[in-house]
Amino acid sequence: MEAFLDKAIKEINHLDPKPNVIVHTGDLTENGVLPDYELALEKINLFESKVIIAPGNHDERNYGQSLFKELIGPMDYEVHVDKAAFFIMNSPEPDRDAGRLGRRRQDFLDEKLKALPMGYLKIVVFHHHLVPVPHSGRETNVLEDAGDILEMVLKRNVNFVLMGHRHVGRVLRINNTILINSGTTSSVKTRGRFGHSYNIIDLFTDGSVKIVEKNMDENKEIEKAV
Ligand SMILES: [Fe+2]
């Protein structure tokens, strides 16, 4: 639903202050085909802040992973924005809806988190959800190796895990880690009356966090308990 995406882009570009970074947690496309990617890229280029994108299961349909690498960028990568370290992990597998990181990615992520100097914010981003998301229908596609990843994330005191896939927003704190699922910004696949949304995450110098879900159907902001 292009109108919601255009509205989100306009609103996000007008946030004051502007976001340091915009994170898209995957499913840029419906079918992973070239026209889908070209339209997605056209829209992404309208953002006036840095954009970080994790691949979604829809993006890897129909050999879409080749287009993701060509047009969007790497599928597993680390990027630093000021003192925030983002670890983007490719959780989907081609032509499957299920997701997993697997031992190789788990070990890579664990080593990277362990080696990160003190003072860095640790943010892990992948498409599939690490724990079930309420009100999103029958549970399917939670990461196949969720248990091992959750244990590592908690052990390494990851600050945030950003996820998508279920089209329902959710914020859940476990120990020192905040798990954030985004809703859907422009898909037709909304749940109930949750509508179309995006999250605004504010981090303050005293360490506090404010997370607001912006619902675009009703033009309202819902502050999430952290
Ligand atoms: Fe998905």
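View 1. With 29 C-beta neighbours inside 10 Å, Asp59 counts as buried (buried means 20 or more other C-beta atoms within 10 Å of a residue's own, exposed means 12 or fewer, partly exposed is in between, and C-beta atoms are placed from the backbone). This is a predicted model, so local features need pLDDT of at least 70 and side-chain atom pairs count only at pLDDT 80 or more, while totals for chains, interfaces and linings use all residues. Numbering runs from 1 along each chain as its sequence is written. Asp59 sits in the loop between strand E2 (50–53) and helix H3 (64–72); helices (H or I, at least four residues) and strands (E, at least two) are DSSP runs, numbered from the N terminus. Setting aside residues up to four places away in sequence, Asp59 touches Gly26, Asp27, Leu28, Thr29, Gly32, Gly64 and Phe68 (contact means C-beta atoms, placed from the backbone, within 7 Å). Thr190 is 131 residues from Asp59 in sequence and 19 Å from it in space, C-alpha to C-alpha.

**View 2. Helix H1 and its two sides.** H1 (residues 2–13) has twelve residues and reaches 17 Å from first C-alpha to last, close to the expected 16 Å (1.5 Å times one less than the number of residues). Which residues of H1 are buried? They include Phe4, Ala8 and Ile9. Those three cover an arc of only 135 degrees around the axis, which puts them on the same side of H1 (the arc is that of the directions from the helix axis to the C-beta atoms). Over on the other side, Glu2, Ala3 and Lys10 are exposed. The buried residues pack against helix H2 (34–44) and strand E9 (197–203).

**View 3. The largest nonpolar core, and a second one.** The largest core has 33 residues, and those with the most contacts inside it are Phe87, Met89, Val124, Val125, Val161 and Leu162 (a nonpolar core is a set of buried Ala, Val, Leu, Ile, Met, Phe, Trp, Tyr and Cys residues joined through C-beta atoms within 7 Å). Elements giving two or more residues to this core include strand E1 (21–24), H2, H3 and helix H5 (146–155). A second, separate core of five residues includes Phe4, Ala8, Ile9 and Tyr198.

**View 4. Strands E4 and E5 side by side.** E4 and E5 pair in the parallel sense over five bridges (pairing takes at least two DSSP bridges between strands). Phe86 stands opposite Ile123 in E5. Four of the five residues of E5 are buried, so E5 is largely enclosed by the rest of the structure.

View 5. The peptide bond from Asp16 to Pro17 is cis, with omega near 0 degrees, and Pro17 is found in the loop between H1 and E1. Asn141, in the loop between E5 and H5, has phi near 70 degrees, a positive value in a residue other than glycine. His165, in the loop between E6 and strand E7 (170–174), has a positive phi as well, near 75 degrees. Are these residues buried or partly exposed? Asn141 counts as partly exposed, with 18 C-beta neighbours inside 10 Å, whereas His165 has 28 and counts as buried.

Notes. Two residues are in contact if their C-beta atoms, placed from the backbone, lie within 7 Å.
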